[in-house]
Amino acid sequence: MNGESTVIISGYTAKEAIALHRCLSKHYAINAVDDTEEVLHLLDTEEIDLLLCKHTAGQFDALELLHKARMAHPETVRLLAGSLSKEETTRATEEAAIYQFVSDDWSAIQIELLVNRALENRELSYRHRHLSRDLKIAEDVLRKQQAEEPHKDGHGQFEKLVYGSPNMASLCNLAKKAAITSLPILIQGETGTGKELMARGIHYNSSRSEQPLLVHNCGGMSDELLHSELFGHKRGAFTGAVSDRMGLFPAADGGTVFLDEISDVSPTFQVSLLRFLQEGEVKPLGSDKIIKCDVRIIAACNQPLDVLISKGKFRQDLYYRLNGFQLNIAPLRQRIEDIEVLTYFLVKKFSTETNRAILGVSPGVLEQFSLYDWPGNVRELENEAKRMIALTDNGTYITEETLSPHIATLKPKVKSKSFDFNIEGFTLKEKVEKMESSIITEALERLRWNKSKAAKELGLSRVGLTNKIKRYHLNTQASTG
Ligand SMILES: Nc1ncnc2c1ncn2[C@@H]1O[C@H](COP(=O)(O)OP(=O)(O)OP(=O)(O)O)[C@@H](O)[C@H]1O
Ligand SMILES: [Mg+2]
């Protein structure tokens with residue numbers, strides 16, 4: 001240690017204090033102070049590194065001073081000298097948490113070494129604490145970055161969901177926030193868009209992750225069967241009920257139930273579900289007993305529930321109960337940036353699983369993929385990837401030759417017809433708007449609706465471009481033709 005460290009010695013006779021001063025002052029600033037209050041005041045006002053006290057029964061209560069010092073300034077190293085009774089030794093260890101006892105027959109070299117070691121030890125534990133804290137901060141930052149930002153190769157990931165589009169990135173961020181609440185979640189999206197994968201991601205990011213996640217598809221089931229599946233039944237409740245059955249809700253107590261195809265539930269069963277969501281109680285078929293269960297519901301459907309409500313096919317009150325958070329997964333054709341990322345991801349995944357040595361994917365394949373509509377979404381892309389891997393020789397790239405014919409034969413969409421500015425009957429404002437709309441459409445079509453690229457090329461922010469797409473209704477044109 002160096003001379004900057006400050007040491008207080010306390011309770012020593014004048015002769016001893018002088019001797020101590022002589023051997024320690026080479027390296028440390030020494031203060032000899034005998035008044036307890038004054039020592040505590042110095043500890044409060046100055047940076048004191050070490051306190052060396054001598055206990056003398058009936059004269060100087062070093063134990064009390066060291067105890068108070070420990071309470072107020074635990075970082076100051078405490079050394080104790082003097083002869084102590086057994087009980088005092090216990091107090092010194094337990095209450096004052098002495099670093100070390102100093103024998104009365106100390107030599108200069110011993111005391112110097114002892115003080116030096118004690119301060120060195122303090123410095124090391126200080127650094128260790130700080131390094132651990134820095135490491136923890138760095139780990140937290142890294143974890144947060146990994147969770148929120150795209151990976152280095154351009155993709156982001158939420159549990160098993162992989163994405164490259166800003167659209168999915170913000171949806172996954174919302175999902176992460178929703179996950180830590182206990183609110184019900186409604187996930188909407190076309191078939192194969194990853195609704196179940198999203199539900200699983202939410203469960204495993206929630207405080208319920210150690211509890212069960214039970215999945216049930218509500219499609220094509222009679223009310224009786226659905227009731228028995230979800231709420232359970234007693235033996236003999238209906239023909240074929242040969243034994244008691246525990247329903248999914250009680251079985252998932254403390255966890256999550258994912259109800260797929262919620263839109264298929266009959267109006268009568270919608271009422272039962274609503275009651276469950278309101279009361280958190282189930283009554284198994286044929287039983288009088290009410291069972292309380294704490295279950296988080298994640299519901300999914302592949303058609304927008306509000307449309308079904310407007311057609312009178314889905315209860316509005318149930319919709320509100322399910323709709324704690326709403327996550328709408330866009331179809332793959334509307335998130336072109338995800339196609340490339342998913343293709344690389346899936347090819348790597350499936351070729352590893354099947355022990356195939358595939359070098360990569362040719363740009364032509366990705367080009368054709370971006371022209372295709374993907375009605376089956378990611379599930380269809382998965383099948384296409386598996387098919388192409390099977391048709392590709394080991395040690396080579398996946399090329400256009402392996403594409404399914406309906407994808408291979410797609411042609412880039414023709415340029416949109418430009419607006420005839422000589423046409424009469426339009427104001428200047430209308431003509432400028434038509435021109436803007438046709439420039440944006442041309443860029444979007446040429447760039448396969450990659451909004452990030454189009455915004456960059458047009459000198460717009462992504463939000464600015466999205467606003468213009470909405471204003472000129474370009475989205476609907478894209479999905480219809
Ligand atoms: N973003 C994604 N990243 C990786 N795999 C995905 C992604 N989205 C979907 N998948 C995969 O695509 C397949 C379909 O996903 P999932 O079953 O979650 O879709 P879904 O929306 O529930 O479909 P459905 O409406 O037909 O039930 C699964 O094999 C899933 O692993
Ligand atoms: Mg599903």
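**Loops, helices and overall form of a predicted model**

Q: Is His473 buried or exposed, and what is its phi?
A: The relative accessibility of His473 is 55%, and exposed means over 50%, so His473 counts as exposed. Most residues other than glycine have a negative phi. His473 is not a glycine, yet its phi is positive, at about 55 degrees.

Q: Which other residue that is not a glycine has a phi of about 50 degrees, and where is it placed?
A: The residue is Glu261, whose phi is positive. Its place is in a loop that runs between β12 (256–260) and α10 (267–279).

Q: How is Glu261 classed by accessibility?
A: Glu261 has a relative accessibility of 25%. Buried would need a value under 20% and exposed a value over 50%. The value for Glu261 falls in between, so the class is partly exposed.

Q: Which residues does Ser362 contact, leaving aside neighbours within four places in sequence?
A: Ser362 sits in the loop between β17 (358–361) and α14 (363–371). At 13% relative accessibility, under the 20% cut-off, it counts as buried. With its neighbours within four places in sequence left aside, Ser362 is in contact with Ile398, Thr399 and Glu400.

Q: How many residues of α14 are buried, and against which elements do they pack?
A: α14 is mostly covered, with seven of its nine residues buried. Those buried are Gly364, Val365, Leu366, Gln368, Phe369, Ser370 and Leu371. The elements against which the buried residues of α14 pack are α13 (336–353), β17, α15 (377–391), β18 (396–398) and α16 (405–408).

Q: Where is Ile48, and which residues does it contact beyond four places in sequence?
A: Ile48 is in the loop between α2 (36–45) and β3 (50–54). Its relative accessibility is 5%, which is under 20%, so Ile48 counts as buried. Leaving aside neighbours within four places in sequence, the contacts of Ile48 are Thr6, Ile8, Leu42, Leu43, Thr76 and Arg122.

Q: How far apart in space are Ile48 and Ile202?
A: In sequence, 154 residues separate Ile48 and Ile202. From C-alpha to C-alpha, the distance between them is 51 Å.

Q: Why is the protein described as more spread out than a compact globule?
A: The protein has 20 helices and 18 strands. For 481 residues the globule rule gives 23 Å, and the protein is more spread out than a compact globule because its radius of gyration is well over that value, at 36 Å.

Q: What box do the C-alpha atoms fill, and how far apart are the centres of domain 2 and domain 4?
A: Along the principal axes, the C-alpha atoms fill a box of roughly 105 × 70 × 60 Å. The domain assignment gives domain 1 (6–125), domain 2 (156–330), domain 3 (333–408) and domain 4 (428–480). Taken over C-alpha atoms, the centres of domain 2 and domain 4 are separated by 38 Å.

Q: What share of the accessible surface belongs to carbon and sulfur atoms?
A: Of the 481 residues in the protein, 42% are buried. The accessible surface comes to about 26500 Å², and the share of carbon and sulfur atoms in it is 53%.

Q: How far apart are the centres of the positive and negative side chains?
A: The protein has 60 positive and 66 negative side chains. The distance between the centres of the two sets is 7 Å.

Key:
Residues numbered from 1 in each chain as written. Chains lettered and ligands numbered in written order. Predicted model: local features only at pLDDT ≥ 70, side-chain atom pairs only at ≥ 80, totals over all residues. Heavy atoms only, no water. Helix = DSSP H or I, 4+ residues; strand = E, 2+ residues; numbered from the N terminus. Rg over C-alpha atoms; globule rule 2.2 N^0.38 Å. Buried < 20%, exposed > 50% of the residue type's maximum accessible area, 1.4 Å probe, protein only. Areas by Shrake-Rupley, 256 points an atom, 1.4 Å probe, with all protein chains shown as cover. Lys, Arg positive; Asp, Glu negative; His and termini not counted. Charge placed at Lys NZ, Arg CZ, Asp CG, Glu CD. Domains from an automatic or database assignment. Contact = heavy atoms within 4.5 Å.
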